[in-house]
Amino acid sequence: MIDTNTLLRGVLSETSAAAKLRRAAERRVVIPLLSKPVLDEYRAVLGHPSLQERFPEIAAKDIAYLIKRLLFIGEYVRAPRAHFELPRDPRDEKFVGLAIELSATRIISSDKDLLSLPESKSDAGKRFRQRLPGVKVTEAWDFLRQHAAELDLE
């Protein structure tokens, strides 16, 4: 499961860990998990006018192609039935719900709310560990470091 900020970083910098992760996904070495709410957020963030103005090299057609490519290579569920309440950042609920629904093995994120869940002593952290036992939440660079050999990145 790849969060929006990680995908954005992978689009903005071809040399970033997030871009390497995106390329691994395009080779289906990593399978992205997708849902309509997640794709809607990808489109909204990547296609936001302020981002387009700041980075004109990211054309709308490129974003549309990326979304189509992700749909082709990823696992998709239109509307996950799994719900996860995350009071600290309700906008991240869709990512955890999708991870539960499609049995994610990893959540790749730079979001501190998501990164803290596996170790959190909060109610949300406890529910996260119950519903996603063993799932790791890591940043793209850490995921690549841990899996460099199997991702053929060495």
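**Exercise 1.** Which residues in α3 meet which residues in α6?

*Solution.* The model is predicted: local features need pLDDT of at least 70, side-chain atom pairs count only at pLDDT 80 or more, and totals for chains, interfaces and linings use all residues. Residues are numbered from 1 along each chain as its sequence is written, and side-chain values use heavy atoms, with hydrogens and water left out.

Step 1. Helices are DSSP runs of H or I with at least four residues, strands are runs of E with at least two, and both are numbered from the N terminus. Contact means heavy atoms within 4.5 Å.

Step 2. On the α3 side the residues are Pro37, Val38 and Glu41; in α6 they meet Lys94, Phe95 and Leu98.

Step 3. Sorted by class, this contact holds four nonpolar, no polar and two charged residues. Here Ala, Val, Leu, Ile, Met, Phe, Trp, Tyr, Cys and Pro count as nonpolar, Asp, Glu, Lys and Arg as charged, and the others, Gly among them, as polar.

**Exercise 2.** State at what angle α3 and α6 pack, and classify the angle.

*Solution.* Step 1. Axes are lines fitted to C-alpha atoms, for helices over the stretch in contact, and angles between N-to-C directions run from 0 to 180 degrees.

Step 1. Helix α3 (residues 36–46) packs on helix α6 (residues 93–101) at about 140 degrees, and their axes are 9 Å apart.

Step 2. α3 is therefore oblique to α6. Under 35 degrees is roughly parallel, over 145 roughly antiparallel, 65 to 115 roughly perpendicular, and the rest oblique.

**Exercise 3.** Is Asp89 buried or exposed?

*Solution.* Step 1. Locate Asp89: the loop between β2 (75–77) and α6.

Step 1. Buried means under 20% relative accessible area, exposed over 50%, partly exposed in between (1.4 Å probe, protein chains only). Asp89 has 7%, so Asp89 is buried.

Step 2. Leaving out residues up to four places away in sequence, Asp89 touches Asp111 and Asp113.
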